[in-house]
Amino acid sequence: IVSLGADDPGARRLIAEVLALVGGTGARVTLLEWTRDAEPGVRAAAWRALGVIGVDERAAYHALRALSDADPRVRAQAAQALG
């Protein structure tokens with residue numbers, strides 16, 4: 001599933017949502033990369049998935065930085081991931 005998102009940027013949002021349901025900690029690295037995607041919806045979905053999977057120290061650092069994202073959905077999902 002993750003490799004499909006790597007090959008198809010348009011599918012990343014949907015794949016991030018699926019990973020929130022079925023992904024494990026192995027998806028963290030990819031989801032963390034997607035938190036820097038150009039599309040705000042992808043960034044928000046990646047933070048939502050990371051919040052469900054659980055954030056480690058590295059993800060928590062980036063979530064704190066995402067609290068200043070220009071998009072309110074991204075900020076909200078990053079805050080929830082930290083919560």
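A salt bridge is a side-chain nitrogen of Lys or Arg within 4 Å of a carboxyl oxygen of Asp or Glu. In this predicted model, local features need pLDDT of at least 70 and side-chain atom pairs count only at pLDDT 80 or more, while totals for chains, interfaces and linings use all residues. Residues are numbered from 1 along each chain as its sequence is written, and side-chain values use heavy atoms, with hydrogens and water left out.

**Salt bridges**

The structure holds 6 salt bridges.

| Side chains | N to O distance |
|---|---|
| Arginine 48 and glutamate 17 | 3.6 Å |
| Arginine 28 and aspartate 56 | 4.0 Å |
| Aspartate 69 and arginine 43 | 3.1 Å |

Aspartate 69 and arginine 43 form a salt bridge. This pair links distant parts of the chain, 26 residues apart: aspartate 69 is in the loop between H5 and helix H6 (72-82), and arginine 43 is in helix H4. Helices (H or I, at least four residues) and strands (E, at least two) are DSSP runs, numbered from the N terminus. Aspartate 69 counts as buried, at 17% relative accessibility, and arginine 43 counts as buried at 12%. Here buried means under 20% relative accessible area, exposed means over 50%, and partly exposed lies in between (1.4 Å probe, protein chains only).

Arginine 28 and aspartate 56 meet in another salt bridge. Arginine 28 lies in helix H3 (residues 28-34) and aspartate 56 in the loop between H4 and helix H5 (57-66), so the pair ties together parts that are 28 residues apart in sequence. Aspartate 56 is partly exposed, at 35% relative accessibility.

Arginine 48 and glutamate 17 also meet in a salt bridge. Because arginine 48 lies in helix H4 and glutamate 17 in helix H2, the pair ties together parts that are 31 residues apart in sequence. Arginine 48 is partly exposed, with a relative accessible area of 33%, and glutamate 17 is partly exposed, with 30%. A network of salt bridges links Arg13, Glu17 and Arg48.

**Helices H2 and H4**

The axes of helix H2 (residues 12-22) and helix H4 (residues 40-53) come within 8 Å and cross at roughly 10°. That makes H2 roughly parallel to H4, a term for angles under 35 degrees. Axes are lines fitted to C-alpha atoms, for helices over the stretch in contact, and angles run from 0 to 180 degrees between N-to-C directions.

Contact means heavy atoms within 4.5 Å. Among the H2 residues that meet H4 are Arg13, Glu17 and Leu19, and the H4 residues that meet H2 include Arg48, Ala49 and Val52.

Definitions and conventions
Angles under 35 degrees count as roughly parallel, over 145 as roughly antiparallel, 65 to 115 as roughly perpendicular and the rest as oblique.
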